[in-house]
Amino acid sequence: MAAARPTGSASGALCWQLLLTLAILTFACDACKTVTLHVPSKLDAVKYIGRVNLKECFKSANLIHSSDPDFQILEDGSVYTTNAILLSSAKRSFTVLLSNTETQEEKKILVLLEQQTKVLRKRRSQEKVLIRAKRRWAPIPCSVSENSLGPFPLFLQQIQSDTAQNYTIYYSISGPGVDKEPLNLFYVERDTGNLFCTRPVDREMYPSFELVAFATTKDGYTPEYPLTLLIRIEDENDNFPIFTETTYIFNVTENCRVGTTVGQVCATDKDEPDTLHTRLMYSIIEQLPASPTLFFMQPATGVITTTSSRLDREVTDKYQLKIKVQDMDGQYFGLHTTATCIINIGDVNDNLPTFNRLSYEVSVEENRVDVEILRVAVTDKDLINTANWRANYTILKGNENGNFKIVTDPKTNEGVLCVVKPLNYEEKQEMTLQISVVNEAPIFASSRSTGSMATVTVRVKNQDEGPECRPAVQIVRIKENVPVSTKDIGYKAHDPETNSSSGIRYEKLSDPEGWVSVDENSGSITILRSLDREAKTIRNGIYNITILASDEGKRTCTGTLGIILEDVNDNGPFIPERTVIICKTVMSSAEIVAVDPDEPIHGPPFDFRLEGVSDSEVLRMWRLTKMNDTAARLSYLNDPQFGRYTVPVRIADRLGQSRVTQLDVMLCDCVTRSDCKIPSPVRTAKGMMLGKWAILAILLGIALLFCVLFTLVCGATGAAKKPKVFPDDLAQQNLIVSNTEAPGDDKVYSTNGFTTHTAGGFTQGICSTPGSGVKNGGQETIEMVKGGQTIESCQEAGHHHTLGSCKGGGQHTLDSCRGGHVEADNCRYAYSDWYTYTQPRLGEKVQQCNQDNSHTHAQDYVRTYNYEGKGSAAGSVGCCSERQEEDGLEFLDHLEPKFRTLAEACMKR
């Protein structure tokens, strides 16, 4: 029939085939583009739905990932469902992500799933009843036996479309085994749809094939969707099971329990899983040494366990097993493989060391130290150079004095017996030691081995030796108040050979205080100086002297003579801290503590009392209250002034021995004791005591006062004898007329001094210097040119200034008019005295300066400043402010600490 068709129809079919081939090639070339798979609306789990060409998209991809967890993509591009899926819409898509982890390259393939739609074609027949024929264009199960023997080509099945009833259908296939590796394994007859296999197939290489079948007409029309055809390769038991290792090595300790797991072996089989071809059975074929049988292998798991607890490393330290694995569940016709298993037996401390000999004899000279005298050997069956083998030796008996020591030689495991403390032949000539040995590791619980012991007899050899100072420290008791030349037994050494002290000479090596002498022949001591138990070299009441004893052979020994000085009550208690600070602002008393160098029997309780007669100043100012056996509280009375006081305190011990301690008590205006600073001299309770510098200052002040008074008297006498007349040129030399109404640069103020000028010389007031200013009762200031002296008003607002110190020796600074020097004097005169003395004379001088012979005022001598009103009502706040003579400053003594800075500006204590 095909030959009867027109030529044009054949040409058209050929064109359609070429177009279809071109489309397939185009799809293959554009593998990275969108891939469309036609699937039914309902998909079962683990169902193959199509294939995506991964290699042509990204050949070097080593990681394949699906964006939709419902789909899984295999390495060959096969797409399977992982869950049952019901497509709710006509299309569904997901992305296949291809990546290379080494180059970090990535590519994506978009996969579209479209539902298959049924196309109903109208028949050209006019019949109203439609008869539906049975469709055969559907997947037909197909399988091929692995390693089939043929004959080839081997017919598998026929694929056929029911559209062949209406059209001439050509069949074709593609996919792995056809146009992909392995090539040409399958082919289909174009006209009949018969599917053939051309050669044997290895299931382990190709477990299945997924082919795509096409049905087309001659003109290239495709009346059917491509058919996915799955060909499964049926497995044949053609692969031997293989152990994962050729030789297994396991370890197990000896004497372990029955059923202890030794290890597990494992084998693999390339045949189809979950079949008899891969159901493996393990077994032990042979054990070396063969007897007794000690191991068992679980057939299904390959786990090796022990069947006996009699594993003994000391008998056999290694076992070798020949093991077998067989498929087909161990049936005789199954394939099998063998391997070797080596089991090493680990050591436990189940054998204690034993002495090679049970008794030893050895000799050693007396007085030998750190010498090896014996080596003892042991035997231990456990593993060498382990804790189960290394030995520890112990001396159980005979070493009560610690003369011996036994240690282990790490190389030979022998016990080395040494003498570490000298032996004395005169005390003991023979000693018996009992020695035991154990391992470093504890003994295994189930071991029946018992410990081993050995006896060592040590004989001591005699030597001719020097004197012995035994005991090394000898004690004598002497009272500390014994008279000089008192003798005592002293130190005694003896000869160990004769056990006597004859022939031994003694020599004193050390005597820190030089209190005693040592008799050369007898070792007795003689007191050379008075003993004092409270000396610094006494420790716990014992005074140590070092004695050297020697015999005729010049062999020596050294000993210590401890002299216990028995205490006598020769020291009265005293107060170590003699400086007592009392901050009056925060405390009214201080605690004093007394100590007694004597023994406690001669010490507290102490009796405290103030030293002085009943009406003395000490008892009126201070009070002493006992606090406990060793302390008392000192408090002041009647609010004494700040300063330093000496308070004598007598303290007596329980036996009446007493001593007076002079306390230096400092009464301070402070808050803490560290802030207390009193530079003034010490005051006693009996009155005021001034220091030498204060006395010297007072004497100098008195001398200066007499000098000033003498100067004033001399000046006044000279003025009375000869009237003073100003020379004619005085206007050019001494006085100038000043109409300046504001202070100028040449105006100098003086706060507490004055100077008068006469024709014959200068008259100086107390606390003044040449060129200093003076203050009068008016508001005028007179400036004198000659010699640079200025007479200045120093009285303001009706008040008076004190020219001396503000209170008892304060200092004032007097400034010269022009470059004058500064002086400071201690003055105690009241302003009224100086005012009475100087005012008439000052007025007389001024009057003479302001008048000529006709009693008219000269124009070029003196001119008063114009009156400009009263000064400030506040007055001066300095230390030299005007005040009445009767005004006192005693209130400054009682100010609080925060006013002390202000008070110090007005006075100095």
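At 22% relative accessibility, R644 counts as partly exposed, a class that lies between buried (under 20% relative accessible area) and exposed (over 50%), computed with a 1.4 Å probe on protein chains only. R644 forms a salt bridge with D664, and the closest N and O atoms of this pair are 2.5 Å apart; a salt bridge here is a side-chain nitrogen of Lys or Arg within 4 Å of a carboxyl oxygen of Asp or Glu. D664 is buried, with a relative accessible area of 17%. The two residues link distant parts of the chain, with R644 in strand β47 (residues 643-652) and D664 in strand β48, 20 residues apart. Strands (E, at least two residues) and helices (H or I, at least four) are DSSP runs, numbered from the N terminus.

The model is predicted, so local features need pLDDT of at least 70 and side-chain atom pairs count only at pLDDT 80 or more, while totals for chains, interfaces and linings use all residues. Residues are numbered from 1 along each chain as its sequence is written, and side-chain values use heavy atoms, with hydrogens and water left out.

The structure holds 23 salt bridges. One of them joins R313 to D347, with 3.2 Å between the closest N and O atoms. Because R313 lies in the loop between β23 (303-306) and β24 (318-326), and D347 in the loop between β25 (336-346) and β26 (354-355), this pair ties together parts that are 34 residues apart in sequence. R313 is buried, with a relative accessible area of 13%, and D347 also counts as buried, at 16% relative accessibility.

The side chains of R459 and E361 meet in a salt bridge as well, at 3.3 Å from N to O. R459 lies in strand β34 and E361 in strand β27 (residues 359-365), so the pair ties together parts that are 98 residues apart in sequence. R459 counts as partly exposed at 35% relative accessibility, whereas E361 is exposed at 58%.

We can now turn to the cysteines. A disulfide is a covalent bond between the sulfur atoms of two cysteines. With the criterion of a pair of cysteine sulfur atoms within 2.5 Å, the structure holds three disulfides. In the disulfide formed by C469 and C557, the sulfur atoms are 2.0 Å apart. The torsion about the S-S bond of C469 and C557 is about 75°, so this disulfide is right-handed. C469 lies in the loop between β34 (452-461) and β35 (473-479) and C557 in strand β41 (residues 556-566), so the pair ties together parts that are 88 residues apart in sequence. C469 counts as buried at 10% relative accessibility, and C557 is buried with a relative accessible area of 11%.

C583 and C670 form another disulfide, with 2.1 Å between their sulfur atoms. Here the torsion about the S-S bond is about -95°, so the disulfide of C583 and C670 is left-handed. This pair links distant parts of the chain: C583 is in strand β42 (residues 579-583) and C670 in the loop between β48 (658-668) and β49 (682-684), 87 residues apart. C583 is buried, with a relative accessible area of 0%, and C670 counts as buried at 4%.

The disulfide of C668 and C676 has its sulfur atoms 1.5 Å apart. C668 is buried, with a relative accessible area of 3%, as is C676, with 11%. C197, by contrast, is in no disulfide; the nearest cysteine sulfur, that of C142, is 9.1 Å away. C197 is buried, with a relative accessible area of 1%.

Two strands are taken to pair if DSSP finds at least two bridges between them. Strand β4 (residues 63-66) pairs with strand β8 (residues 91-100) in the antiparallel sense over four bridges, and V96 in β8 is the bridge partner of S66. On to the next partner of β8: ten bridges join β8 to strand β9 (residues 105-115), and these strands run antiparallel. K91 stands opposite E114 in β9. β8 and β9 form a hairpin with four residues between them, and Q104 in the turn has a positive phi of about 60°.
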